[in-house]
Amino acid sequence: MQVIYFAGGCFWGTEHFFQQVQGVVRTETGFANGREDLPEPTYEQVYTDSTGYAETVKVEFDEAKVSLEFLVRMFFRAIDPLSLNQQGHDVGTRYRTGVYYVSEEQKAVIEAVFEEEQKKYKEEMKVELLPLKNYWPADEYHQKYLDKHPNGYCHLPMELFRWAKEQRDI
């Protein structure tokens with residue numbers, strides 16, 4: 001098993017998106033790469049945009065069934081990489097986009113995908129590529145939110161979830 005962290009705007013939709021991907025074993029919503037003097041932020045604190053944390057999804061995956069490269073490519077289908085601190089109607093630094101890696105091996109794979117994606121745009125992408133500095137899980141209310149609230153708010157279109165379920169890697 002491997003783990004990678006994706007910040008793709010509102011974590012409800014990002015989590016639901018990655019739940020659809022074959023080979024993803026577990027997802028968890030949380031907050032990443034924020035102020036080190038606030039190691040256990042609450043949703044209410046992060047919502048103020050004063051903590052430096054991004055809404056993030058921890059993705060555990062079986063590398064025998066899905067590659068990190070594939071997951072990063074999928075991530076780029078679920079975000080607007082040119083939008084700074086906004087995805088859909090959600091605005092604020094907590095909604096910034098990023099991929100947070102946990103090893104140098106992961107970094108090399110992710111960098112290659114970023115370089116390929118950047119070639120599609122004239123403007124510089126606004127997606128962070130950083131080591132995971134810190135992470136704290138969100139409370140239970142935010143876990144699997146769209147499973148519990150199928151008609152709940154999401155900045156991602158429903159068709160994208162169906163599409164993600166149909167994609168195959170290895």
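Which residue in strand 3 does V3 stand opposite? The close-ups below, all taken from a predicted model, start with that pair.

**View 1. Strand 1 meets strand 3.** The answer is E60, the residue of strand 3 that V3 stands opposite. The two strands run antiparallel, and five bridges join strand 1 to strand 3, which covers residues 54-61.

View 2. As background, strands of a sheet pair through backbone hydrogen bonds, either parallel or antiparallel.

**View 3. Strand 2 and its two partners.** Seven of the nine residues of strand 2 are buried, so the rest of the structure largely encloses this strand. Strand 2 pairs with strand 3 in the antiparallel sense over eight bridges. To find your way along that pairing, look for T29, whose bridge partner in strand 3 is V57. Strand 2 also runs antiparallel to strand 8, and three bridges join them. A handy landmark there is A32, which has Y135 as its bridge partner in strand 8.

**View 4. N33 in its loop.** Follow the chain to the loop between strand 2 and helix 2 (43-47), and you will find N33. Is this residue buried or exposed? N33 has a relative accessible area of 9%, and because buried means under 20%, N33 counts as buried. Its side chain reaches the backbone oxygen of P131 at 3.2 Å. Leaving aside residues up to four places away in sequence, N33 touches G52, Y53, R96, Y100, L130, P131, L132, K133 and N134.

**View 5. Helix 4 and its buried face.** Helix 4 holds 15 residues (104-118), which at 1.5 Å a residue should span 21 Å; its end C-alpha atoms are 21 Å apart, in agreement with that. Which residues of helix 4 are buried? They are Q106, I110, V113, F114 and E117. Seen down the axis of helix 4, the buried residues fall within an arc of 105 degrees, so they line one face of the helix. The spacing has a simple background: an α-helix has 3.6 residues a turn, so residues three or four places apart point the same way. On the other side of helix 4, look for the exposed residues E104, E105 and E115. The buried residues of helix 4 pack against strand 1 (2-8), helix 3 (68-77), strand 6 (97-101) and strand 7 (128-131).

**View 6. Helix 6 and what covers it.** In helix 6 (residues 158-166), the buried residues are L160, F161 and A164. These residues cover an arc of only 100 degrees around the axis, which puts them on the same side of helix 6. Turn to the other side of helix 6 and you will find E159, R162 and E166 exposed. The cover over the buried residues of helix 6 includes helix 1 (11-19), helix 3 and helix 5 (145-148).

Methods:
Residues numbered from 1 in each chain as written. Predicted model: local features only at pLDDT ≥ 70, side-chain atom pairs only at ≥ 80, totals over all residues. Heavy atoms only, no water. Helix = DSSP H or I, 4+ residues; strand = E, 2+ residues; numbered from the N terminus. Expected span 1.5 Å × (residues − 1). Buried < 20%, exposed > 50% of the residue type's maximum accessible area, 1.4 Å probe, protein only. Arc of directions from axis to C-beta. Contact = heavy atoms within 4.5 Å. Pairing = 2+ DSSP bridges. Polar contact = N/O pair within 3.5 Å; in protein donor to acceptor, adjacent residues only side chain to side chain.
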